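The sequence and structure come first.

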Amino acid sequence: MNSTRMNPATEVAGEWVIEVQAGPLNEQQARRFASWLRESPTNVHEFLECLAVWESLGGVSIDLDTSVSELIENVVSLPTESFVQPKTPTKRARWVQGVLAASALIAVGLTATILMSSPAEPERLETTIGEQRSITLADGSLLTLNTQSAAEVLIDNETRAVDLIQGEALFDVQRDPERPFTVTVGDTLITVVGTQFNVRRETDAVIVTVVEGQVRVNSTVSSTTPTDSSPALLARGQRASVSAGVVASIEQTDNLQDTTAWTERRLVFRNDTLSDVVREFNRYNQEAFELAGPTISGERVSGVFKSSDIQSLIAVIEVSFDVEIERLPSGTVIIRER
């Protein structure tokens, strides 16, 4: 039985196409590649043929770096007596078949490698007023976005990164020591291996609360005063307020369930100012509160509410404070001191 074996040089050339397209060769790879090329101009020819056929089949175009290009030129310029050209159409056909077969192996076996070597584009995730989304990321981590939030996510073989553009998110991160999980919030960088934590982006600060495990918080920008931007390690139950990438304060919280209550559409207030309470309700509802009066905004409120239950909040305010409530056709609820 006759069988056609691929030219061994073609097989090796196909392997080198894979190595070169994956990125710059390290020192050891470069030495092995140079040694193989110098063995014979045939090897150079096979490599260039495989490269050309691969690109013609729709593969990623490969830009050879200067050292590789010069090495190929030097080898090609050597005497070519050892280069055995195909003498008959049959041999030529077999040679071409070998080149195509090598390229086919690259195309079929390494599609994922090619795709991962191409620059990945972050995926944008966002929610509208009152909307919440839970998304399982490519690495198995769970990202839950609160109302009016937006994030860009990039997960690949080397990177696990989220940019929280606005709003609030709860992260439940799968452990992977080889790929730390990072969250960027403006000038703030949060780094973890595997843990659960909540991040809230406010106008003048970022609030980071650790539910499980540990996270490291530091600045994304260089500082002329290293002590100001030194990383802070937060453990379970700790909450940090971060401004311009610098940790302004760290406190221990005994009510972690309050931090994640929003995932169950509950808002928990413990002696919070009325201005903070109505601002929080306004994040979740089209109908928005406005406070009118010099002292009403500083009144204190405690309670647990459904995030969409505006009427319950109005009832508590009417019973607790000397105010008038006016609901406008536009959807605005004015709380006015008497």
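Is asparagine 271 buried, partly exposed or exposed? Asparagine 271 is partly exposed, with a relative accessible area of 46%; buried means under 20% relative accessible area, exposed over 50%, and partly exposed in between, with a 1.4 Å probe and protein chains only.

## Basis of the model

The model is predicted: local features need pLDDT of at least 70 and side-chain atom pairs pLDDT 80 or more, while totals for chains, interfaces and linings use all residues. Residues are numbered from 1 along each chain as its sequence is written, and side-chain values use heavy atoms, without hydrogens and water.

## Residues with positive phi

Asparagine 271 is in strand S14 (strands are DSSP runs of E, at least two residues, and helices runs of H or I, at least four, numbered from the N terminus). Its phi is positive, about 60°, although asparagine 271 is not a glycine.

Arginine 265, also not a glycine, has a positive phi near 60°. Arginine 265 sits in the loop between H7 and S14 and is partly exposed, at 36% relative accessible area.

## Helix H1

Helix H1 covers residues 8–21, and its 14 residues should span 20 Å at 1.5 Å a residue (the expected span is 1.5 Å times one less than the number of residues). The end C-alpha atoms of H1 are 20 Å apart, which agrees.

Buried in H1 are Ala9, Thr10, Ala13, Gly14, Trp16, Val17, Val20 and Gln21. Seen down the axis, these residues fall within an arc of 165°, so they line one face of the helix; the arc is taken from the directions from the axis to the C-beta atoms.

## The largest pocket

The largest pocket holds about 1,100 Å³ of space, the volume being that filled by probe spheres set on the grid points, which are joined across faces, edges and corners. A pocket is an open set of points on a 1 Å grid over the protein atoms alone where a 1.4 Å probe fits, with protein on both sides within 12 Å along at least five of seven lines; lining residues have an atom within 4 Å of a point.

The lining has 35 residues, with Glu168, Arg200, Glu202, Asp272 and Glu280 nearest the centre. S14 gives the largest share, six residues.

## Asparagine 146

Asparagine 146 lies in the loop between strands S3 (142–145) and S4 (150–155) and is buried at 0% relative accessibility. Its side chain makes polar contacts (N or O pairs within 3.5 Å, one able to donate a hydrogen and the other to accept it; sequence neighbours count only if both atoms are side-chain atoms) with the side chains of glutamate 168, at 2.9 Å, and tyrosine 284, at 2.6 Å.
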